[in-house]
Amino acid sequence: MRIKKSRGQLLILFLAVGFLIGIIYENLVVRESALLSEIFLRSNLERYLKTNIISEKYLWYVIKARTLLLAIVCVLGCFRWKKLFVVVCLAICGFFAGMTSVAAVMQLGIKGILLCIAGILPQGIFYAMMYSMLFVYWFQYPESRWNRAKLLFVIIVFLVGIILETYLNPVVVKLIIKML
């Protein structure tokens, strides 16, 4: 049990190190372009508020985008160097999260963090559970075995994440933008 717990903490460490490197990189290397970034400009946020999101079209977009990413991750996770793949994937995710957080803070101040959190909640919780299941399995392979319960969990959590991202997340993001 102690070994499994320390492995989980190790995975979180890789994510945190990537996050820290992303923050440092954004602050030291691309500081100017972060200030010029158009993602968090008020005009773009106001345009987002005025956009009428057609849920059916957005649903198919989210299904294609998330399924493609999941398929790529699953294929890469089946190769020989599973543990290395998990470490690199977590570090890259942390890196981009750190960069995005800094860009948001540079443009909007501390309210930018609130917008980043709104952008990944509530679906991010479900996607994180799904990818955690996959990453822990790959990191503990061959001691850990894949079974139907894990597969069912991944499928259900994936579908819940897609539904939340399509129908609830746009409402949450618009609500947060109005508060800014």
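Author: Start with the aromatic rings. Phe 85, Tyr 131, Phe 135 and Trp 138 make up one aromatic cluster. This is a predicted model.

Reader: How many aromatic pairs turn up in the whole structure?

Author: The search finds 10 aromatic pairs.

Reader: What makes the pair of Tyr 137 and Tyr 141 edge-to-face?

Author: Two values decide. The ring centres of Tyr 137 and Tyr 141 are 6.0 Å apart, and a pair needs centres within 6.5 Å. Their planes stand at 75°, and planes over 60 degrees apart count as edge-to-face. So the pair is edge-to-face.

Reader: Is Tyr 137 buried or exposed?

Author: Tyr 137 has 14% relative accessibility. The cut-off for buried is under 20%. Therefore Tyr 137 counts as buried.

Reader: And why is Tyr 141 called partly exposed?

Author: The relative accessible area of Tyr 141 is 32%. Partly exposed lies between the buried limit of 20% and the exposed limit of 50%. So Tyr 141 is partly exposed.

Reader: What joins Tyr 141 and Pro 142?

Author: A cis peptide bond, with omega at about 10°. Pro 142 sits in the loop between helix 7 and helix 8. Another cis peptide bond links Leu 121 to Pro 122, with omega at about 0°. Pro 122 is in the loop between helix 6 (111-120) and helix 7 (123-140).

Reader: Which residue lies over the face of Phe 139?

Author: Lys 83 does, at 6.0 Å from the ring centre. Lys 174 lies over the face of Tyr 48, at 5.9 Å from the ring centre.

Reader: How do you know that Arg 66 forms a salt bridge with Glu 165?

Author: The closest N and O atoms of Arg 66 and Glu 165 are 2.5 Å apart. The limit is within 4 Å, so the pair qualifies as a salt bridge. The search of the whole structure finds 1 salt bridge.

Reader: Which parts of the chain does the pair link?

Author: Distant ones. Arg 66 belongs to helix 4 (residues 55-77) and Glu 165 to helix 8 (residues 148-167), 99 residues apart.

Reader: Why is Glu 165 called buried?

Author: Glu 165 has a relative accessible area of 5%. Arg 66 has 25%. That falls between the limits of 20% and 50%, so Arg 66 is partly exposed.

Reader: How much of the protein is buried?

Author: Buried residues account for 33% of the 180 residues. The accessible surface is about 11600 Å², and 73% of it belongs to carbon and sulfur atoms.

Reader: What is the secondary structure of the protein?

Author: The protein has 9 helices and 0 strands. Along its principal axes, the C-alpha trace spans about 50 × 40 × 25 Å. Take the contacts between residues at least 6 apart in sequence: 86% of them join residues at least 24 apart.

Reader: Where is confidence lowest, and where is it highest?

Author: The lowest is in helix 2 (residues 31-36), with a mean of 62. The highest is in helix 8, at 97. The average pLDDT of the protein is 91, and 94% of the residues score at least 70. Where pLDDT is low, predicted coordinates should not be read in detail.

Notes:
Residues are numbered from 1 along each chain as its sequence is written. This is a predicted model: local features need pLDDT of at least 70, side-chain atom pairs count only at pLDDT 80 or more; totals for chains, interfaces and linings use all residues. Side-chain values use heavy atoms; hydrogens and water are left out. A salt bridge is a side-chain nitrogen of Lys or Arg within 4 Å of a carboxyl oxygen of Asp or Glu. Helices (H or I, at least four residues) and strands (E, at least two) are DSSP runs, numbered from the N terminus. Buried means under 20% relative accessible area, exposed over 50%, partly exposed in between (1.4 Å probe, protein chains only). Rings of Phe, Tyr and Trp (its six-membered ring) pair if their centres lie within 6.5 Å; planes under 30 degrees apart count as stacked, over 60 as edge-to-face and the rest as tilted. A charge sits over a ring if NZ of Lys or CZ of Arg is within 6 Å of the ring centre and within 35 degrees of the ring normal. pLDDT is the predictor's confidence in each residue, from 0 to 100. Contact means heavy atoms within 4.5 Å. Accessible areas come from the Shrake-Rupley method with a 1.4 Å probe; for residues, only the protein chains shown count as cover.
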